[in-house]
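Dear colleague,

Please find below the structure that I am handing over to you.

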Amino acid sequence: MPQAAAPATAPHRRGPVVAALMMGMALAALDGTIVSTAVPQIVGDLGGLSVFSWLFSGYLLAVTVTLPVYGKLSDTFGRKPVLIAGIVLFLIGSLLCAAAWSMASLIAFRIVQGLGGGALQGTVQTIAADLYPLKERPRIQARLSTVWATSSVAGPALGGLLAGYADWRWIFLVNLPVGAVALWLIARHLTEPARARAKVRVDWPGALAIFTTGTLLLTALVQGGVAWPWLSAPSLALFAGATVLMAVTVLIERRAAEPIIPGWVWRRRTIAAVNLSLGALGLLMVAPTVFLPTYAQSVLGLGPIAAGFVLSAMTLSWPISAAFSNRLYTRIGFRLTAVIGMTLAILVLLAFPLLPYPGEPWQPALIMLLLGAALGLFQLPLIVGVQSTVPWSERGTTTASVLFCRQVGQSLGAALFGAIANAVLATRLTEGDLNDPGTLTPTAVDAAVEYVYVGAAAAGALALVALLTLAPRRFPVLTDDDRTA
């Protein structure tokens, strides 16, 4: 495959491109959470209460399993066509969701949205690395982190407002003008150099195998313990099928001329270490994002909006810490900066069980503020660092592998910590129904969330082990000429 130079977007045209990237990131982040508070209205209109969880699971599955495919395609055909195709597919999915006539059709159209969302997540991060040299890259990555964090927290509130004061279909219609502007800015201002014409082989069998394997594995993780017991026939069948397909995928990828997930992604110590570390981060992040709002409402007695503000403290410190992380990693290196960040995060997570019961809202908010600052020092240096170790022709695949591992970590975390929380609640439940959170005692919820935070600290320890045992002391950063080769 011919090598290509980095995108030739002129510096004075970076502003519109960055604006488009931020819009694209906002679309992908919002649609992961915006539907949550509109579920009662959607179910009331379309029915399908027993399967509504697939509104989230279907979108998550589609985003996760397509990330490696889009990463390879962006390295093969360029970032611009892949991002444009992803935005168009996302907007088509949004329009179809707004026109859904049943829960089944809405779930199907959410999957279409997710197919576009996978291109948005991976390609946006890759283009951001293409546009700026190493010294300037933390600034753009911090902006994207701010957009992601803010959108993720604001999503439920915005969804509730639209569903309560307008109509739930507007949740999807608002994507259209934002996406249209992003599409126009990318088409007009993002330029890539001319590429030598050559016959390109796309590993479509590998793409299909990865998609199918990921779908079975993530379905087992997302639905296990929720739709059916972990040791039931559906769970065992899905895990067995995923294992067989994983072996088939490895065989296909080994024989492919241009594999979707090349072997070097795992053979290179730096990339493997970052993949495992970001997977552990995805695992860790389930604790605050999923369980803290329940803690704030059940234990502290806060309303949904106030509970959201407790969680949002993390979104204030994360991008600020990330933006200033370059002053640290340029002196001591990417690995040591990330190690410091995760060490601090583990200490903060272990401090959560020490909070007084029931305590004041500012106490968990302070925990989240400190956690965001610590994780800003952890995530951004790893993403910037690993992107700086590969040339342009490998950057899309590398970035997608990192994001894919983080997404899988989140799915695994939701399953694992959900099981931990349910086990603790079951042992401490004296009155009420385990399936009805409204009947659970605050002390039971407090104990369950404390165990989840300890589990999150254990996930942080796994990230440290991966970095300290696999990653080199100094990342093998390429020069500007090498990175664009």
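This is a predicted model: local features need pLDDT of at least 70, side-chain atom pairs count only at pLDDT 80 or more; totals for chains, interfaces and linings use all residues.

Helix α2 spans residues 39–46, and its buried residues are V39, I42, V43 and L46. These four lie on the same side of α2, because the arc they cover around the axis is only 95°. P40 and G44, on the other side of α2, are exposed. As for partners, the buried residues of α2 pack against two helices, α3 (54–77) and α5 (103–131). Just after α2 comes G47, whose phi is positive, at about 80°.

Helix α3 also meets helix α9, which comprises residues 204–223. The axes of α3 and α9 come within 9 Å and cross at roughly 150°. An angle over 145 degrees counts as roughly antiparallel, and α3 is therefore roughly antiparallel to α9. The crossing of the two helices is right-handed.

On the α3 side, the residues in this contact are W54, S57, L60, L61, T64, V65, T66, P68, V69 and L73. Their counterparts in α9 are W204, A207, I210, F211, G214, T215, L218, T219, V222 and Q223. By class, the contact of α3 with α9 consists of 13 nonpolar and 7 polar residues, with no charged residues.

Yours sincerely

Definitions and conventions:
Residues are numbered from 1 along each chain as its sequence is written. Side-chain values use heavy atoms; hydrogens and water are left out. Buried means under 20% relative accessible area, exposed over 50%, partly exposed in between (1.4 Å probe, protein chains only). The arc is that of the directions from the helix axis to the C-beta atoms. Contact means heavy atoms within 4.5 Å. Axes are lines fitted to C-alpha atoms, for helices over the stretch in contact, and angles run from 0 to 180 degrees between N-to-C directions. Angles under 35 degrees count as roughly parallel, over 145 as roughly antiparallel, 65 to 115 as roughly perpendicular and the rest as oblique. A crossing is left-handed if the near helix is turned anticlockwise from the far one by less than a right angle, and right-handed if clockwise. Ala, Val, Leu, Ile, Met, Phe, Trp, Tyr, Cys and Pro count as nonpolar, Asp, Glu, Lys and Arg as charged, and the others, Gly among them, as polar.
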